Amino acid sequence: LFGDNLMGLKILIIPGLTLTEIPEQAVETIKTIAGADSEVVICEHANAHNHIVDADIVLGIVTPKLFSSAKKLRWVQSISSGVDSFMYPEFINSDVLLTSEKGLVGEHLADHAFGLLLTLTRQLAAARDLGPDSWNNRPELRAQEVELTGLNLGIIGFGGTGRAIARRGNAFGLKIRAIDKDVMAGTDSVKKVESTEALDDLLAWSDVLSICCPLTQETDKLINQATLSRLKPGAYIINVTRGEIIDEASLIEALKSGHVRGAGLDVTPREPLPADSDLWRLPNVVMTPHTAGASQFRASRNLERFISNVEKFRQNLPLDGIINKIEGY
């Protein structure tokens with residue numbers, strides 16, 4: 001798969017938002033595993049073109065311009081959980097392997113998803129915004145508060161994030177269903193994972209709809225005017241994966257009409273979301289600026305996977321977190 005000659009590997013590490021610095025101990029470990037004749041280079045993205053020409057492996061984001069300079073590249077491990085930025089024709093059609101943090105980011109994304117949901121259902125944002133005047137609005141706040149116990153949680157996409165959300169939903173006493181494009185076994189929280197053919201039924205059933213799927217051609221604007229019309233009236237929508245999965249104008253219309261009771265969004269259809277978007281002004285929307293992916297454990301988890309994968313790469317073994325470049329996840 002990788003060829004017979006793995007001597008003298010050049011490994012290029014490009015730090016970014018989710019991997020700001022590389023501990024010296026990690027660098028030494030990578031050098032030891034890669035072999036005595038190997039080289040590890042750490043540089044900012046602006047200078048990466050000077051080093052990617054003869055790099056065999058990259059840990060970081062490789063743009064189309066950067067990829068055009070790569071002559072020996074065999075494998076990239078992304079430092080973003082979503083890999084839609086890699087889905088350009090030159091990379092897809094190449095023999096370069098792609099791995100990612102797939103399966104490693106679900107826990108903190110799920111924490112964030114429930115933070116957004118509880119902010120809506122328990123009127124936390126409203127109470128914060130009212131400040132001292134919140135005491136004069138206690139009846140109104142209490143009238144809007146919702147308990148999660150017994151509500152229906154529908155999950156679109158049952159990878160690491162969907163599974164982590166299901167575990168938390170189970171602890172909150174929610175009834176849970178999940179759909180996924182891939183055939184997979186159930187879990188303690190979701191006994192049976194349904195196919196995407198069950199989408200319409202899931203929408204009509206859900207009191208809370210959680211978007212947990214990657215952005216692909218199939219999921220781009222999956223939540224649109226037509227699908228929203230089939231969503232259970234008064235449902236909440238939570239999205240912590242990719243904003244483009246939801247059509248902005250359709251969501252705004254559904255929020256204004258009350259068909260969607262509230263939306264908790266860490267990702268938006270346009271990023272950064274322009275100040276003139278109605279999403280900023282709707283009282284039934286809470287948003288964070290694409291920060292759900294933050295965790296004190298994230299960088300170390302990705303580095304641990306990368307180090308393990310370097311060893312597997314040298315031994316010609318399958319890599320962890322492999323991405324199907326045709327499917328896009």
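This is a predicted model: local features need pLDDT of at least 70, side-chain atom pairs count only at pLDDT 80 or more; totals for chains, interfaces and linings use all residues.
Local features need pLDDT of at least 70, side-chain atom pairs count only at pLDDT 80 or more, and totals for chains, interfaces and linings use all residues. Residues are numbered from 1 along each chain as its sequence is written, and side-chain values use heavy atoms, with hydrogens and water left out.

The protein chain has 11 helices and 12 strands. Both are DSSP runs numbered from the N terminus: helices are H or I with at least four residues, strands are E with at least two. The C-alpha atoms fill a box of roughly 70 × 45 × 35 Å along the principal axes. Of the 329 residues, 50% count as buried. Buried means under 20% relative accessible area, exposed means over 50%, and partly exposed lies in between (1.4 Å probe, protein chains only). Contact means heavy atoms within 4.5 Å. Among contacts with a separation of 6 or more, 64% come from residues 24 or more positions apart.

Two helix pairs were examined. Two packed helices are described by the angle between their axes and the distance between the axes. Axes are lines fitted to C-alpha atoms, for helices over the stretch in contact, and angles run from 0 to 180 degrees between N-to-C directions. Angles under 35 degrees count as roughly parallel, over 145 as roughly antiparallel, 65 to 115 as roughly perpendicular, and the rest as oblique.

The axes of helix α1 (residues 24-34) and helix α11 (residues 298-314) come within 9 Å and cross at roughly 10°. α1 is therefore roughly parallel to α11. On the α1 side, the contact is made by A26, T29, I30, I33 and A34. On the α11 side, L303, F306, I307, V310, E311 and R314 take part. These residues divide into eight nonpolar, one polar and two charged. Ala, Val, Leu, Ile, Met, Phe, Trp, Tyr, Cys and Pro count as nonpolar, Asp, Glu, Lys and Arg as charged, and the others, Gly among them, as polar.

The axes of helix α4 (residues 106-121) and helix α7 (residues 160-171) come within 8 Å and cross at roughly 50°. α4 is therefore oblique to α7. The crossing is right-handed. A crossing is right-handed if the near helix is turned clockwise from the far one by less than a right angle, and left-handed if anticlockwise. From α4, the contact involves G106, E107, L109, A110, D111, A113 and F114. From α7, it involves G160, T161, A164, I165, R167, R168 and G169. Six of the contact residues are nonpolar, four polar and four charged.

Helix α10 (residues 248-257) has E248, S250, L251, I252, A254 and L255 as its buried residues. The buried residues of α10 pack against α9 (225-229), β10 (235-239), β11 (260-265) and β12 (285-287). Just after α10, G258 takes a positive phi of about 90°.

The loop between β11 and β12 holds D278. At 27% relative accessibility, D278 counts as partly exposed. Leaving aside neighbours within four places in sequence, D278 is in contact with I252 and K256. D278 and K256 are 22 residues apart in sequence and 9.6 Å apart in space, C-alpha to C-alpha. P272 is also placed in the loop between β11 and β12. A cis peptide bond joins E271 and P272, with omega about -5°.

Most residues other than glycine have a negative phi, and most peptide bonds are trans. Q123, not a glycine, has a positive phi of about 60°. Q123 sits in the loop between α4 and α5 (124-130). Q123 counts as buried, at 19% relative accessibility. K221, not a glycine, has a positive phi of about 55°. K221 is found in the loop between β9 (208-211) and α9. K221 counts as partly exposed, at 43% relative accessibility.

T187 is found in the loop between β7 (175-179) and β8 (193-194). At 23% relative accessibility, T187 counts as partly exposed. Beyond neighbours within four places in sequence, T187 is in contact with F158 and R163. The C-alpha atoms of T187 and M287, 100 residues apart along the chain, are separated by 30 Å.
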